[in-house]
Structures are given as C-alpha cells and as structure tokens.
Amino acid sequence: LPIEIVPIVEPMLNFPCHTAAECEDAAIAYRVAIPEIYEPGNDVTMRLFLYRHGWVDDYCVVFSLDARRTWDGSDIMVYDGPDDGPGEGTRYIQIDNDMGQPVAAADESGDLFIVLDLPLNNAPGTPGLTWDNDLAAAQFLAFEIGIEDWDYADYQILGVGFYESAAGTATLEGARVYDERQDVYCECATDGDCQDDGSLCTDEVCDMGICNTIVMDCPDGMDCDPATGACFGLFGACCLPDGTCQEMPEYDCMNSQGQFDPSTVCSPGLCGDPGTDE
C-alpha cells in the first residue's frame, strides 16, 4: 500500500478577520479536561507556547480568548467571571513588548520563542483572566483564539499546557489582559514613536502600545522650566520664625516655616526686628 506522509503544521495566528468566513478560518480552538487530581479552589494557569517568525518594525499583538465548559449532565455554557454579564467572558490578550526579554533578542530573521502564563480562575482585581473559581474534576473546557491586532509576523502555536498551583499564587506572565476591546491600544512600539511635545519637563514613553507623557516632579511651590528642564520657584524675602529676614526661594521659606513675600527684599524692620535683618 502506498504510504502518504502527512506534514505536521502548527496552527498559526497571522491576520485579523473581518468577515464571518474569515473569522471561522482564522480562529484556533483547543480543549482540556480538568483531571481527577485537581484540588477545587486552586489556581489553574494556561501556559501558551508561541513562536514568532518574521522581522517587524512595530510590535503590538492582541488576540481574543473565549472559553466554553461543560460537565456530565450539563449543557455547554460560556466560561466567564463574576463581574461579566451573561455570555460576556471574552478576554483580550496583549503580548508584552518585551515578554521578559528584549525583542532585540530575536535572531536576524525576527524569530522569537514566546511563553505566556494566563491564570484562568484568579480573583477579580488581580492580573489574569478572572473567570469563575469553581472548576472541578471532570469539567471539560474548550478555548478559542482569534487575532485582533497584528504586527505582520507569523505566530505559531507550538503547544498549550495547564498547571495547578495553590490558591492565590498564580501570576500573569508575558501579557496583559483586558475585558473590553476598546481598552487595548496599539499606537506605539518604542518611545520614539510617541510625539515629543518639545518640553524638557516631560518625557514621552511607550507603555504597552500606549503613548504616555511623564511630567517632571518638582517640589511643592516650584515649577519646571520647559526650556531647561530645571525646577524654579519664586524668590523673595522670607521672615523666619526667629524674626530674621533672608532672601530665598519660596519653597525653602515654606520648609523653614517662614512668611514669604515675593515682591520685596530684606530691609531693616521688615520682619519686626531691625537688628537681625539680612
């Protein structure tokens, strides 16, 4: 009999879908059963192994993750969290820009191995998928991934694993998780992609695909000079608690518990003791 060699092709995330037919073809699904040795209440983490192929100038990848589950005698239902509305368990996963190692660690082809740890049933308000913490042995879970934002590289799914840990110990690694699609931004890949406002008192930085402006923190009572980036404050006469007068910045006067007057200089009698004015 002839032998046909079947190539092994890993499923791949490689383009956002826009029509029902495209989404059906692009989605990737897999299933897992909760084993008998699982201790109810413990954390369950999905470990997703990806391999990126292809060099890219930008780096912002977002995929959706949906889950369904069932058990003996039950219908199939959406696996969601306590803060979700009915059927609203979709999560949006944005891969970290550095994934624990600089993107520059990729070889000349842009190839990079990526590992994501996604806690399934962590407590609301903690980083993870925050789905219900009522998993039990013999429950059957199914997951579906669809690409949302793409950097034009190919992302092969090499494998998916699940592991159990003590309650409250699972950590989100390699990604950020959002409940709403509109909360995910992909406007920058590096700090250089963010528009400089020309002020030396601010720094424009790219944080997980979002441009943020970091403002220099000057002491109370002082402002930053946009031309130099230096902090400055009003300068004038300060009447100190001991009755002496010294000319100093308003900030220093306040710290000395003095009375500040920016419109004057120290002169005899200004602070009530002409013998100690300076």
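In the predicted model, Phe113, Val115 and Leu158 form a nonpolar surface patch of about 230 Å². Leu158 belongs to strand β9 and is partly exposed, its relative accessible area being 40%.

The chain contains 17 strands and two helices. Of its 278 residues, 39% are buried. Among contacts with a sequence separation of 6 or more, 69% are between residues 24 or more positions apart.

Four of the strands make up an open sheet, in the order β1-β9-β3-β7 and with antiparallel pairing. Strands β1 (12-13) and β7 are at the edges; each has a single partner strand, so one side of each lacks a neighbour in the sheet. The pairing of β1 with β9 (residues 154-165) is antiparallel and consists of two bridges, and within it Leu13 has Tyr155 of β9 as its bridge partner. Strand β3 (residues 43-53) runs antiparallel to β9 and is joined to it by 11 bridges; here Thr45 is opposite Tyr163 of β9. On the β7 side, β3 is connected through eight bridges, again in the antiparallel sense. Arg47 has Asp117 of β7 as its bridge partner.

Asp117 lies in strand β7, which spans residues 112-119. Although β7 is an edge strand with a single partner, Asp117 has a relative accessible area of 8% and is buried, because this value falls under the 20% limit for that class. The side chains of Asp117 and Arg47 are joined by a polar contact of 2.7 Å, and these two residues are also bridge partners. Leaving aside residues up to four places away in sequence, Asp117 touches Thr45, Met46, Arg47, Tyr163, Thr171, Leu172 and Glu173.

Methods: Residues numbered from 1 in each chain as written. Predicted model: local features only at pLDDT ≥ 70, side-chain atom pairs only at ≥ 80, totals over all residues. Heavy atoms only, no water. Buried < 20%, exposed > 50% of the residue type's maximum accessible area, 1.4 Å probe, protein only. Polar contact = N/O pair within 3.5 Å; in protein donor to acceptor, adjacent residues only side chain to side chain. Contact = heavy atoms within 4.5 Å. Pairing = 2+ DSSP bridges. Patch = residues over 30% accessible without salt bridge, like charges linked within 9 Å, V, L, I, M, F, W, Y side chains within 5 Å. Areas by Shrake-Rupley, 256 points an atom, 1.4 Å probe, with all protein chains shown as cover. Salt bridge = Lys/Arg side-chain N within 4 Å of Asp/Glu carboxyl O.
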